[in-house]
Amino acid sequence: GGQPANRAEELLSKDRKYVWHHISPHNDNPLIFVSGEGCWVKDAEGKRYFDGMSGLWCVNVGHGRESIAKAAYEQMRTIAYSPMMQAHIPAIELAEKINEWLGGDYRIFFSNSGSDANEVAFKIARQHFHQNGEPTRHKFIARHRAYHGSSFGALSATGQAQRKLKYEPLGAGFEHVPPPYCYRCPFGQTYGSCKLECAEAIEDAINWEGADSVAGVIMEPAITGGGIIVPPPEYLTKVRDICDKHGVLLIIDEVICGFGRSGERFGHRNFGVKPDIVTMAKGLTSGYSPLSATAVRADLYESFKSKEANSHFRHVNTFGGNQVSCAVALANLAILEEERLVERSAFIGQELSRRFQVLLSHPNVGDIRSFGSAIGIELVEDQTSKKPAAADKVLKVIAECKSRGLLVGKNGDTVPGFNNIITLSPPFVASDDELDFVARTVIAAIAALG
Ligand code: PLP
């Protein structure tokens, strides 16, 4: 109790004593978030911040939504839990809705997190081939710089060395190819005159590994956590063709890009491809309750239906498809539809990108990239050498934003020195005035570098 300042001190001392924070190394001075409304969050000292990352790329409909809270309350009172070996109404309705958002022909398997959804995708892919006369297909190809989660399989698919270093050996059979990173083309090419060597690298990997050993290719439509790396427009169709040619499943990780972040309903829609498996989490519930899903092409499901012993998918998790989480997701998707927030997300991305163009005249801004309303500003030491900006510059921009009331992200690679991309992923409910605030604040924070 007592004054907010005293209360904040008390909470902080307990936090220091008991809580082990995610990722951030020994964070002794975390913000303690106590409430949120729309795009804004408030800390224990009563300071307000614009939530420029929507939490962790997830609170897409903004904070404090009554209809979601009501849906959770009603569901908890009616029935909060039943296992997914049987059926329940929110899961049935949500699976139908997700299938509609995907444009049809998928079966939906529910889990708890994005990592879970990817684990399920890998297991389904391997088992499918086992039961379809191609039991040697077990490998997965992913990209460097990709993040697919923290559990062993999802971390194996992740392409950031430092995240994995002290947990190895991880799952076997995960190979990585260079990302379609035009600003720092791993093949030394320039888009327009290249042959999309980045896509060809996937075919090369399949050939080198032997197509009959490869089960799937996994990728985000655009790499988000790895620093907003947006592929050339024809990259994903080329990857789709390569997968088809070699009988390899295309798994698209929509954990961040899905449900409107890309400016379309799903990020793969931006490129007009149809994945075999789609994984999703975060924006599915806007973070109001944990839930993820793995959508699998309906005909793949058929190979799990034979009456042979063990042909069913032998996977269960207690909380996956939780009734309350499914009800929350339905209320969240209703908001996205009723308020036309996918379109708003596309507008937010265009508007902020347009406003940020002036930053290219600053010597420490190397590149500005966006995928829908996921935006990255790549900081460099200078524009000619493109040397990634030193950590102190990146941290200074973040601190300047924070002191002006704006929370932004820092992404890229965990390889020392490559965590140099300032990221924004604002709630889709940001008003024009709020976007103006975000744009002005970021521009001022970068100007403060001198
Ligand atoms: N896939 C992508 C692209 C992600 O960005 C993340 C998390 O940030 C995950 C998977 C893992 O999701 P979760 O943290 O819910 O396990």
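A: Residues are numbered from 1 along each chain as its sequence is written. The model is predicted: local features need pLDDT of at least 70, side-chain atom pairs count only at pLDDT 80 or more, and totals for chains, interfaces and linings use all residues. Helices (H or I, at least four residues) and strands (E, at least two) are DSSP runs, numbered from the N terminus.

The axes of H12 (residues 341–356) and H14 (residues 432–447) come within 10 Å and cross at roughly 35°. Such axes are lines fitted to C-alpha atoms, for helices over the stretch in contact, and the angles run from 0 to 180 degrees between N-to-C directions. On the H12 side the contact is made by Ile-348, Glu-351, Leu-352, Arg-355 and Phe-356, and on the H14 side by Leu-435, Val-438, Ala-439 and Val-442. Contact means that C-beta atoms, placed from the backbone, lie within 7 Å. By class, this H12–H14 contact has seven nonpolar, no polar and two charged residues. Here Ala, Val, Leu, Ile, Met, Phe, Trp, Tyr, Cys and Pro count as nonpolar, Asp, Glu, Lys and Arg as charged, and the others, Gly among them, as polar.

Next come the strands. Four of them form an open sheet in the order E11-E12-E15-E14, with antiparallel pairing. Strand E11 (365–371) and strand E14 (409–411) are at the edges with a single partner strand each, so one side of each has no neighbour in the sheet. Two strands pair if DSSP finds at least two bridges between them. Neighbouring strands in this sheet are turned by 25° against each other on average, direction ignored. E14 and strand E15 (residues 421–424) run antiparallel and are joined by three bridges; Gly-409 stands opposite Thr-423 in E15. Helix H13 (residues 391–403) packs on this sheet, where it touches strand E12 (374–379), E14 and E15, and its direction makes about 135° with that of E12.

The loop between E12 and H13 holds Lys-386. Phi of Lys-386 is near 60°, a positive value in a residue other than glycine. Lys-386 counts as partly exposed because it has 13 C-beta neighbours inside 10 Å. A residue is buried if 20 or more other C-beta atoms lie within 10 Å of its own, exposed if 12 or fewer, and partly exposed in between, with C-beta atoms placed from the backbone. Trp-57, in helix H2 (residues 54–57), also has a positive phi of about 60° although it is not a glycine. Trp-57 has 23 C-beta neighbours inside 10 Å and therefore counts as buried.

Strand E4 (residues 106–111) is mostly covered, with five of its six residues buried. E4 pairs with strand E10 (residues 292–297) in the antiparallel sense over six bridges, and Phe-109 stands opposite Thr-294 in E10.

A further open sheet of four strands has the order E1-E2-E3-E13 and mixed pairing. Its edge strands are E1 (33–37) and E13 (406–407), each pairing on one side only. Strand E2 (residues 40–43) runs antiparallel to strand E3 (residues 48–51), with three bridges between them; Val-41 has Tyr-49 as its bridge partner in E3.

Notes:
Contact = placed C-beta atoms within 7 Å.
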